[in-house]
Amino acid sequence: MITVKGYAAPNANTPLAPFSFERRDPGAHDVAIEIKYCGICHSDIHQARDEWGGSIFPMVPGHEIAGVVTKIGPKVKNFKVGDHVGVGCFVDSCRHCPQCERGLEQYCQEGMTGTYNALERDGKTPTYGGYSNHIVVDENYVLRMPGNLPLDAAAPLLCAGITLYSPLRHWGAGPGKRVAIVGMGGLGHMGVKLAHAMGAEVTVLSHSLKKIDDGLRMGADHFYATSNPETFSKLAGQFDLIVNTVSAEIDWNQYLSLLAVDGTMVVVGIPEKQIPVGAFSLVGGRRSLAGSLIGGIRETQEMLDFCGQHDITCDIELIPIQKVNEAYERVIKSDVRYRFVIDMKSL
Ligand code: NAP
Ligand code: ZN
Ligand code: ZN
């Protein structure tokens with residue numbers, strides 16, 4: 001076993017604190033990774049505070065992991081010591097259901113194995129995430145980081161990047177498509193950069209106009225404040241695709257009214273409480289309401305390569321791990337530009 005240092009939430013009501021634990025020695029197909037950086041996703045906070053229910057404690061969060069390979073098992077084919085690699089939201093899946101065979105492991109029929117807050121396929125070993133200095137992962141669930149991207153600013157691509165890339169691709173964001181991104185946080189700012197790089201006309205719908213300069217710099221064509229009621233009358237029926245990244249309860253009906261005929265709103269933000277949707281919000285324009293969860297391994301690699309080609313990284317604030325609890329409070333207040341990333345040197 002390998003002894004690992006990290007930070008864990010002991011339970012849902014206590015701040016994260018230093019935590020030492022063990023991981024398996026690398027098996028034949030495993031890659032051992034020294035974690036250099038890990039992003040802080042809003043999902044880490046939802047789970048550490050048990051807002052979605054069923055959390056497993058102690059919890060070492062973190063699923064935006066970037067690091068360097070330190071050791072490989074004898075049967076590993078695709079990685080060697082020294083490679084820059086990433087690990088995202090899951091570290092295993094059943095590998096034989098129709099979804100796993102199509103590269104949609106995130107929708108595995110038997111459930112994917114989350115990078116943390118989950119049990120390994122043996123049904124008993126807890127998984128621990130990236131707020132730690134080492135991780136051991138089967139090579140099929142490890143991603144290759146583009147050589148031209150700095151590891152710290154690329155780490156959040158492993159969740160924030162793929163969570164926006166996948167629906168933008170699936171619903172055909174590109175030239176001639178009017179795409180709105182709701183909420184410009186960690187996920188949303190990646191949505192702006194990616195949709196712009198895909199050639200879509202991009203609009204940001206944010207609480208206020210505070211982030212307008214950043215939004216336009218990242219590639220948005222238009223930027224509106226949703227606190228201004230005129231935004232909803234002015235933009236009614238305007239969008240082919242809306243990707244909603246908001247982590248809190250907002251009135252989805254209001255946003256559905258912004259869709260053109262046959263438009264789709266894809267929900268990726270996962271608020272704690274359920275949100276009612278009226279039939280009239282959908283029937284009027286043959287509109288669709290959809291959801292999307294991260295992306296599979298193949299598509300995550302495709303997204304990383306796309307970001308490498310287009311030189312896309314996240315706008316980050318690098319912090320020592322000792323500031324993780326403070327960072328959580330700032331994320332909740334939407335006071336982050338635009339992703340906190342933990343520098344694991346500080347451990
Ligand atoms: P984040 O950085 O906190 O961004 C969320 C953004 O939502 C904020 O920056 C803010 O944008 C907006 N917002 C927050 N509270 C709001 C409110 N009360 N009313 C209106 N807008 C509000 O979070 P994130 O890491 O991007 O994650 C966003 C959500 O996606 C979380 O619920 C997370 O769990 C979920 N998630 C889902 C997936 C998936 O696969 N589906 C993957 C990762 C994360 P403005 O300041 O621009 O208004
Ligand atoms: Zn995430
Ligand atoms: Zn499966």
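**Ligand 1**

I began with ligand 1 and looked up its polar contacts, meaning pairs of N or O atoms within 3.5 Å. A polar side-chain atom of Ser43 lies 2.8 Å from an oxygen atom of ligand 1. An oxygen atom of the ligand is also 2.7 Å from a backbone N or O atom of Met184. On the nitrogen side, a polar backbone atom of Val268 is 2.9 Å from a nitrogen atom of ligand 1. Taken alone, ligand 1 exposes 920 Å², and the protein buries 91% of that; these areas come from the Shrake-Rupley method with a 1.4 Å probe, and for residues only the protein chains shown count as cover.

I note that this is a predicted model, in which local features need pLDDT of at least 70 and side-chain atom pairs count only at pLDDT 80 or more, while totals for chains, interfaces and linings use all residues. Residues are numbered from 1 along each chain as its sequence is written, chains are lettered from A and ligands numbered from 1 in the order in which they are written, and side-chain values use heavy atoms, with hydrogens and water left out.

Next I listed the shell, taking a residue as near if one of its heavy atoms lies within 4 Å. Ligand 1 is surrounded by 29 residues, and the closest are His42, Ser206, His207, Lys211 and Arg339. Which helix gives the most to this shell? Helix H1 does, with three residues. H1 and helix H5 (186-197) each supply at least two. Helices (H or I, at least four residues) and strands (E, at least two) are DSSP runs, numbered from the N terminus.

**Zinc site**

I then checked the zinc ion (ligand 2). Its donors are Cys41 (SG), His63 (NE2) and Cys159 (SG), at 2.0 to 2.2 Å. Donors here are N, O and S atoms within 2.8 Å of the metal (3.2 Å for Na, K and Ca); water is not among the atoms, so sites may look incomplete. Along the chain the spacing of the donors is C-x21-H-x95-C. I use buried for under 20% relative accessible area, exposed for over 50% and partly exposed for in between (1.4 Å probe, protein chains only).

**Cores and helix H4**

I looked for nonpolar cores, sets of buried Ala, Val, Leu, Ile, Met, Phe, Trp, Tyr and Cys residues joined through side-chain atoms within 4.5 Å. The largest has 90 residues, and those with the most contacts inside it are Ile40, Tyr131, Leu157, Leu168 and Leu194. A second, separate core of 17 residues includes Ala180, Tyr224, Val246 and Trp252. For contacts I count heavy atoms within 4.5 Å.

Why is H4 largely enclosed by the rest of the structure? Nine of its eleven residues are buried, so the rest of the structure largely encloses it. Among the buried residues are Ala160, Gly161, Tyr165 and Leu168. Their cover includes strand E10 (178-182), H5, strand E13 (239-244), strand E14 (259-267), helix H10 (297-310) and strand E17 (339-343). Just after H4, Gly172 takes a positive phi of about 70°.

I looked up Asp138, which is found in strand E8 (residues 134-138). Asp138 counts as buried because its relative accessibility is 11%. Its contacts, apart from neighbours within four places in sequence, are Arg24, His29, Asp30 and Arg95.

Tyr128 is in the loop between strand E7 (113-114) and E8. With 14% relative accessibility, Tyr128 counts as buried. Residues that Tyr128 touches include Phe19, Arg23, Pro58 and Ile135.

**Backbone checks**

Most residues other than glycine have a negative phi, and most peptide bonds are trans. I noted these cases in the model. The peptide bond from Phe57 to Pro58 is cis, with omega near -5°, and Pro58 lies in the loop between H1 and E4. A cis peptide bond also joins Arg337 and Tyr338, with omega about -10°. Tyr338 is in the loop between helix H11 (324-332) and E17.

Arg286 is not a glycine but has a positive phi of about 45°. Arg286 is exposed, at a relative accessible area of 59%. Asp311, also not a glycine, has a positive phi of about 55° and is exposed, at 56%.

Definitions and conventions:
A polar contact is a pair of N or O atoms within 3.5 Å; within protein, one must be able to donate a hydrogen and the other to accept it, and residues adjacent in sequence count only if both atoms are side-chain atoms.
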